[in-house]
Amino acid sequence: MAPLIALVSGTALARLAGLLGLGALDGWHPALRVGLALMFVVTGVAHFAPGYRADMIAMVPPALPRPDLLVTVTGVLELVGAVGLLLPATARWAAGGLALLMLAMFPANVSAVRRGLTLGGRPATPLGPRTVEQIFFVGVAAAISFGA
């Protein structure tokens with residue numbers, strides 16, 4: 001739920017700043033970039049946070065090697081992608097890359113639900129709502145990647 005809150009609130013606040021005269025945020029496209037960047041800062045930092053890292057490592061499907069390394073690499077990619085979203089010259093590429101990254105990481109969410117794992121002490125989001133959320137996140141990234 002925290003990623004969704006970060007995306008929606010970050011987008012709304014950025015759009016408000018644009019309406020109040022901050023030219024760089026004048027429009028929904030730049031506001032979405034800020035919101036998605038905030039979401040990826042939240043999720044990227046979680047890959048390294050003491051209360052979440054072990055749970056994220058446990059989420060990696062057992063068939064994949066070096067879950068600790070995979071969590072580190074995906075966390076770094078999320079943080080680098082967040083920065084890329086904020087730079088107009090790289091925003092479209094960053095959004096496209098992050099959309100692909102989200103699709104690649106979705107099996108970890110499925111694995112967590114099927115194995116009854118927790119994230120930060122709470123049960124993993126049930127697969128139905130998590131799938132809808134994922135479609136929304138990928139859709140926002142696609143809108144940034146292919147939008148104006």
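Visitor: Which ring does the charged end of Arg15 sit over?
Guide: That of Trp28, with the charged end 5.6 Å from the ring centre. To count, NZ of Lys or CZ of Arg has to be within 6 Å of the ring centre and within 35 degrees of the ring normal. This is a predicted model, where local features need pLDDT of at least 70 and side-chain atom pairs count only at pLDDT 80 or more, while totals for chains, interfaces and linings use all residues. Residues are numbered from 1 along each chain as its sequence is written, and side-chain values use heavy atoms, with hydrogens and water left out.

Visitor: OK, rings next. How many aromatic pairs does the structure hold?
Guide: One. Phe136 and Phe137 make a tilted pair, 6.3 Å centre to centre with 50° between the planes. Rings of Phe, Tyr and Trp (its six-membered ring) pair if their centres lie within 6.5 Å; planes under 30 degrees apart are stacked, over 60 edge-to-face, and the rest tilted.

Visitor: Is Phe137 buried or exposed?
Guide: Buried, at 3% relative accessible area, whereas Phe136 is partly exposed at 40%. Buried means under 20%, exposed over 50%, and partly exposed in between (1.4 Å probe, protein chains only).

Visitor: Switching to pockets: how much space lies in the largest pocket?
Guide: About 1000 Å³. A pocket here is an open set of points on a 1 Å grid over the protein atoms alone, where a 1.4 Å probe fits, with protein on both sides within 12 Å along at least five of seven lines; lining residues have an atom within 4 Å of a point. Points join across faces, edges and corners, and the volume is the space filled by probe spheres set on them.

Visitor: Which residues are closest to its centre?
Guide: Met56, Met59, Asn109, Leu119 and Arg130, out of 39 lining residues. The lining divides into 29 nonpolar, six polar and four charged. Ala, Val, Leu, Ile, Met, Phe, Trp, Tyr, Cys and Pro count as nonpolar, Asp, Glu, Lys and Arg as charged, and the others, Gly among them, as polar.

Visitor: And which helix gives the largest share of that lining?
Guide: Helix 5, with 10 residues. Helices (H or I, at least four residues) and strands (E, at least two) are DSSP runs, numbered from the N terminus.

Visitor: Last one: where does Ala17 lie?
Guide: In helix 1. Ala17 is partly exposed, at 23% relative accessibility. From Ala17 to Ala31 is 8.8 Å, C-alpha to C-alpha, and they are 14 residues apart in sequence.
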